[in-house]
Amino acid sequence: MEPLLIAVVGVALLFDYTNGFHDAANAVATAISTRAVPPNLALAAAALLNVVGALVSTNVAATLAKGIVTAGAVTPPVMFGGLVGAIAWNLLTWWWALPSSSSHCLIGGVSGAVLATSGKSQVLWGGIVEKVLIPTLAAPLIGFVFGVALMVAILWTFRDAHPGPLQRRFRTAQLVSASFMAFSHGSNDAQKTMGVITLALFSAGAIATTDVPLWVKLASALVIGLGTYSGGKRIIRTLGMRLVKLTPVHGFAAETAASAVLLGTAHFGFPVSTTHVISTSIMGVGATERVSAVKWGLTRDILVAWVLTLPAAGIVGGAFALLSQLAFAK
């Protein structure tokens, strides 16, 4: 099984890279669309802050390593299939230019692979509900509410300010809010790959515990940083330009609201979707001005993609887990 274990680690890092370029929009879309930061500089800074955020803690990695499926059911074929399912949905939604959850891709792919190879009893349904579904349903709602509340507070506080100077001030303030967004993205998303690689190593007997090895932390952090720097222009255009027409005030409010939610959930080890949180924060700040400011038709398409993510990644993950079992059977 050693060749398959090596393949799993490689595919996990490939997923990490696709996570970076697919979700780069989470960190930089608003700053780029409001022209607060030039695109190349925004991507470089986001990549660096993703790396730093990924190295801060391993709370989310620990959740994935212990709370989603039973450790005994996580074999290299399961991890391989789950990762392929996650990568497939990431690439498909990137092609459609729809922001979707890399978190859900990964959890759906691994859960589907375990279901296909070991049965439903090996999936920790209580852990999925408590640590994934509830936070993932709650976090976007909180992001929307935070976005609305912060935008209302800003509009009321600066109600007498001249629009021109106000936008210039918030364009500068976006440098800070975009940095927090990139940092919180790294603190949440790179740790998912850490958890997957750790599970694979533990199940193969390569490590004695589910503690995340240092080289796994470093590799996951660096690869997601490289992916972020490569960018994902299709989804950046969707979030930063097509969903809501953003000004620097909108961008600051959305990034600040989303960062607060993500840092809070990362602290408690909840692997929520950065995509869901920033998308709903943008919707919230846009709806504050007027409801028609949000492209609700596009919102519907995004929500459909979110609903399909878990089952779609799970089906592909289960199929490839079974295929890898056959391919590497002795």
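How many nonpolar, polar and charged residues does the lining of the largest pocket have, by class? The lining comprises seven nonpolar, three polar and no charged residues, where Ala, Val, Leu, Ile, Met, Phe, Trp, Tyr, Cys and Pro count as nonpolar, Asp, Glu, Lys and Arg as charged, and the others, Gly among them, as polar. The structure is a predicted model, in which local features need pLDDT of at least 70 and side-chain atom pairs count only at pLDDT 80 or more, whereas totals for chains, interfaces and linings use all residues. Residues are numbered from 1 along each chain as its sequence is written, and side-chain values use heavy atoms, with hydrogens and water left out.

The chain contains 13 helices and zero strands, both taken as DSSP runs numbered from the N terminus (helices: H or I, at least four residues; strands: E, at least two). Of the 330 residues in the chain, 55% are buried; buried denotes under 20% relative accessible area, exposed over 50%, and partly exposed the range in between (1.4 Å probe, protein chains only).

The largest pocket holds about 240 Å³ of space. A pocket is an open set of points on a 1 Å grid over the protein atoms alone, where a 1.4 Å probe fits and protein lies on both sides within 12 Å along at least five of seven lines; lining residues have an atom within 4 Å of a point. Grid points are joined across faces, edges and corners, and the volume is the space filled by probe spheres set on the points. The lining consists of His104, Leu133, Thr136, Leu137, Pro140, His276, Leu303, Trp306, Val307 and Leu310. Helices α7 (125-157) and α13 (296-327) each contribute at least two residues to this lining.

Helix α13 also holds aspartate 301 and leucine 326. The salt bridge joins the side chains of arginine 300 and aspartate 301 at 3.5 Å, N to O. Arginine 300 is exposed because its relative accessible area is 52%, whereas aspartate 301, at 35%, is partly exposed. The C-alpha atom of aspartate 301 is separated by 7.8 Å from that of leucine 98, although the two residues are 203 residues apart along the chain.

Leu55, Leu214, Leu218 and Leu222 make a nonpolar surface patch of about 380 Å². Patches are made of residues with over 30% relative accessible area and no salt bridge, like charges being joined within 9 Å and nonpolar side chains (Val, Leu, Ile, Met, Phe, Trp, Tyr) within 5 Å. Accessible areas come from the Shrake-Rupley method with a 1.4 Å probe, and for residues only the protein chains shown count as cover. Leucine 218 belongs to helix α9 (residues 214-230) and is partly exposed at 38% relative accessible area.

Alanine 253, in helix α11 (residues 248-267), is buried at 0% relative accessible area. Its C-alpha atom is 6.0 Å from that of leucine 150, at a sequence separation of 103 residues. Alanine 97 occupies the loop between α5 (76-95) and α6 (102-118) and counts as buried at 10% relative accessibility. The phi of alanine 97 is near 60 degrees, a positive value in a residue other than glycine. Most residues other than glycine have a negative phi.

Definitions and conventions:
Salt bridge = Lys/Arg side-chain N within 4 Å of Asp/Glu carboxyl O.
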